[in-house]
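Please read this note with the model open beside it.

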Amino acid sequence: MESTINPTVLVVNCGSSSLKFAIVDPATGEQYLTGLAEALGLPEAQISWRFGDSDKQKANLPSGANHTVALAYLEEQILEGKPELMKSFIAVGHRVVAGGELFSQPTLITDEVVKGIEQCIPLAPLHNPAHLLGIAAARRLFSELPHVAIFDTAFHQTMPAKAYIYPLPYELYKEHAVRRYGAHGTSHYYVTTEAAKMLGKPVEETNIITAHLGNGGSVSAIKNGQCVDTSMGLTPLEGIVMGTRSGDIDPSIVFFLADTLGYNIEQVRDTLNKKSGLLGISGKTSDFRGILEGVDAGDEQCKLAFDIYCYRLAKYIASYYVAVGKVDALVFTGGIGENSMPMRAAVLKMLEGFGYVESPEANAAARFGNSGLITTAESAKAFVIPTNEELVIAQGAAKFAK
Ligand code: ADP
């Protein structure tokens, strides 16, 4: 197999205690290796990986292993005996959650760019510091390769001011950059290009609404291939209902929690980010599969969580008709969007007034990695398109290959 390896990009996605990696052919999307180091910084640090479709392998990392140790394990142990794969690297692509207004394109990482990513830490206090750890470790280990940052916020930088400015005192934007930035841009961008292909239209003439629905989730309005609005804001807390995040709420709830219930700011933050959403309503789980199981078992709270999730999502989609005008298609992606037939059926039913009619057979068929149209021939079009953020990162990084 190794003699036929094309040029590849090492894709790195660091969380605060995790590091996801993949070796991706940017021309075909083939993933030669995928893996995940978890529990970094803890005694039970471990790493798992899979070459292509082969079986998953696992190993314990030294107790307290950090991002550098995990990457060194990848280079020295996992890729040991795979010299062709090591030689195939043309770049390293790093996922970065927040690029603020500084970055709207894949960007070659220099010390200056590292400073820019540092400046954006207040916009992603958990993510950007972790990305910086991964970037520093990877630049040391793979010093001969170009390192490229691909920002989740970049695709949303085309939003007009009317979509990204909050109705707050304007100096908060001018002096403190308080505005809407969005997230999941890499995924919204990927499904936009795929939807254009499925519609047989040039991407710059494609008008769609994309719903990326995973543990976090966001909806974007895409006009002529460019993002004109998105549901996440200054942070990923705004927008639709998520696994543990509330999405949109009356801001005065914050005052109620503080003034009436005596919450401190940490408790408020924790409540809205980690105890709300599907978990908060159901009281059981943040996982959509668990919610669906609860609905099937007659659990009232799970049913309420499902109904609120679908209702608020459908309202967002409807509101983006204002942003887009004439919509060519609605696209579902992300773990929930790609797999949950009942959610898609419920949302399309609520959007009946916009001309959507579900095809139950097609909706049932579009699961587990299958893309497809899930509406009838006469209906407004809705697609399921599995996302591929690794491919977008690999392609962005490959532009800077030596
Ligand atoms: P992340 O945002 O962490 O990348 P994913 O995109 O993988 O997450 O989405 C995770 C969500 O997808 C979870 O809520 C999970 O329950 C849901 N999900 C995965 N498979 C299914 C399925 N078959 N049916 C319904 N929901 C699913």
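This is a predicted model: local features need pLDDT of at least 70, side-chain atom pairs count only at pLDDT 80 or more; totals for chains, interfaces and linings use all residues.

1. Which residues line the largest cavity? They are Val97, Ala98, Leu123, Thr153, Tyr181, Gly182, Ala183, Gly233, Leu234, Thr235 and Pro236. On a 1 Å grid over the protein atoms alone, a cavity is a set of points where a 1.4 Å probe fits but cannot get out, and lining residues have an atom within 4 Å of a point.

2. Residues are numbered from 1 along each chain as its sequence is written, and side-chain values use heavy atoms, with hydrogens and water left out.

3. The chain is assigned domain 1 (2–151) and domain 2 (201–389), with bounds that come from an automatic or database domain assignment. The centres of domain 1 and domain 2, taken over C-alpha atoms, are separated by 29 Å.

4. The search of the whole structure finds two cavities of 30 Å³ or more. The largest cavity holds about 70 Å³ of space, where a volume is the space filled by probe spheres set on the points, and grid points are joined across faces, edges and corners. Because domain 1 (2–151) and domain 2 (201–389) both give residues to its lining, the largest cavity lies between them. Its lining comprises seven nonpolar, four polar and no charged residues. In this classification Ala, Val, Leu, Ile, Met, Phe, Trp, Tyr, Cys and Pro count as nonpolar, Asp, Glu, Lys and Arg as charged, and the others, Gly among them, as polar.

5. The second largest cavity has a volume of about 40 Å³. Its lining consists of Ile165, Tyr166, Leu168, Pro169, Tyr170, Leu172, Tyr173 and Val178. By class, these are eight nonpolar, no polar and no charged residues.

6. The second largest pocket has a volume of about 490 Å³. A pocket is an open set of points with protein on both sides within 12 Å along at least five of seven lines. Its lining has 21 residues, and Ser104, Gln105, Pro106, Phe155 and Tyr189 lie nearest its centre. Two or more lining residues come from each of β8 (147–151), α7 (185–199) and α16 (389–398); helices (H or I, at least four residues) and strands (E, at least two) are DSSP runs, numbered from the N terminus. The largest contribution, five residues, is that of α7. By class, the lining has eight nonpolar, twelve polar and one charged residues. Domain 1 (2–151) and domain 2 (201–389) both give residues to this lining, so the second largest pocket lies between them.

7. Which residues come nearest to the ligand? Of the 13 residues around the ligand (a heavy atom within 4 Å), these are Asn215, Asp287, Phe288, Arg289 and Gly335. The shell has three nonpolar, seven polar and three charged residues. At least two shell residues come from each of α11 (288–296) and α13 (334–339), and α13 gives the most, with four.

8. An oxygen atom of the ligand is 3.0 Å from a polar backbone atom of Phe288 and an oxygen atom of the ligand is 3.1 Å from one of Arg289. A backbone N or O atom of Gly335 lies 2.9 Å from an oxygen atom of the ligand. Taken alone, the ligand exposes 580 Å², of which the protein buries 72%; accessible areas come from the Shrake-Rupley method with a 1.4 Å probe.

Methods:
A polar contact is a pair of N or O atoms within 3.5 Å; within protein, one must be able to donate a hydrogen and the other to accept it, and residues adjacent in sequence count only if both atoms are side-chain atoms.
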